[in-house]
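Colleague: Could you walk me through how to read a few features in a model like this one? I'd like the general idea each time, then the case at hand.

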Amino acid sequence: MQLQQVLMNLMINGIDAMRDVDWPRELVVKSERGEDQQALVSVSDTGVGCHSSRRTKIFNAFFTTKSHGTGMGLRISRSIVESHGGRLWAAENSPRGASFLHHLPTKAEALE
């Protein structure tokens, strides 16, 4: 359920990022096998992008780029992914847009 929340938040953010652009809009959700047999999930958009100056702040609590945002969605999403043993990060797309990627272990580690 929590990982569904993460995916929904990333998709809604991507849709919001494309709201006011005047070029073709595309939202792509992809999953694949990543490094070390981990699941890699990406949500990519052709919106306004995520410039490097913002990428260092967007996962901070209460930092938002939206007029209607709370600044908690990405912070909570990262916390959820990390609590499942994964990592969440952002990258800028070329020529425009952003990708939010997270990887998760495909097998739970056995507790000793």
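**Reading burial, faces and turns**

Modeller: Let's start with Leu27, which counts as partly exposed because its relative accessibility is 30%. Buried would need under 20%, and exposed over 50%. Bear in mind that this is a predicted model.

Colleague: Where does Leu27 lie, and which residues make the nonpolar surface patch with it?

Modeller: Leu27 lies in strand E1, residues 27-33. Together with Ile15 and Val29, Leu27 makes a nonpolar surface patch of about 220 Å².

Colleague: On to helices. Which residues of H3 are buried?

Modeller: The general idea is that an α-helix has 3.6 residues a turn, so residues three or four places apart point the same way. In H3, which spans residues 73-83, the buried ones are Leu74, Ser77, Ile80 and Val81. Looking down the axis of H3, you'd find these buried residues within an arc of 120 degrees, so they line one face of the helix.

Colleague: And what covers the buried residues of H3?

Modeller: The cover includes helix H1 (2-17), along with strands E3 (87-92) and E4 (98-104).

Colleague: What follows H3?

Modeller: Gly85 does, and its phi is positive, near 85 degrees.

Colleague: In what sense do E3 and E4 pair, and over how many bridges?

Modeller: In general, side chains in a regular strand alternate between the two faces of the sheet. Here, E3 and E4 pair in the antiparallel sense, over six bridges. Glu92 is opposite Ala98 of E4. The two strands form a hairpin with five residues between them, and Gly97 in the turn has a positive phi of about 100 degrees.

Notes. Residues are numbered from 1 along each chain as its sequence is written. This is a predicted model: local features need pLDDT of at least 70, side-chain atom pairs count only at pLDDT 80 or more; totals for chains, interfaces and linings use all residues. Side-chain values use heavy atoms; hydrogens and water are left out. Buried means under 20% relative accessible area, exposed over 50%, partly exposed in between (1.4 Å probe, protein chains only). Helices (H or I, at least four residues) and strands (E, at least two) are DSSP runs, numbered from the N terminus. The arc is that of the directions from the helix axis to the C-beta atoms. Contact means heavy atoms within 4.5 Å. Two strands pair if DSSP finds at least two bridges between them. Patches are made of residues with over 30% relative accessible area and no salt bridge: like charges are joined within 9 Å, nonpolar side chains (Val, Leu, Ile, Met, Phe, Trp, Tyr) within 5 Å. Accessible areas come from the Shrake-Rupley method with a 1.4 Å probe; for residues, only the protein chains shown count as cover. A salt bridge is a side-chain nitrogen of Lys or Arg within 4 Å of a carboxyl oxygen of Asp or Glu.
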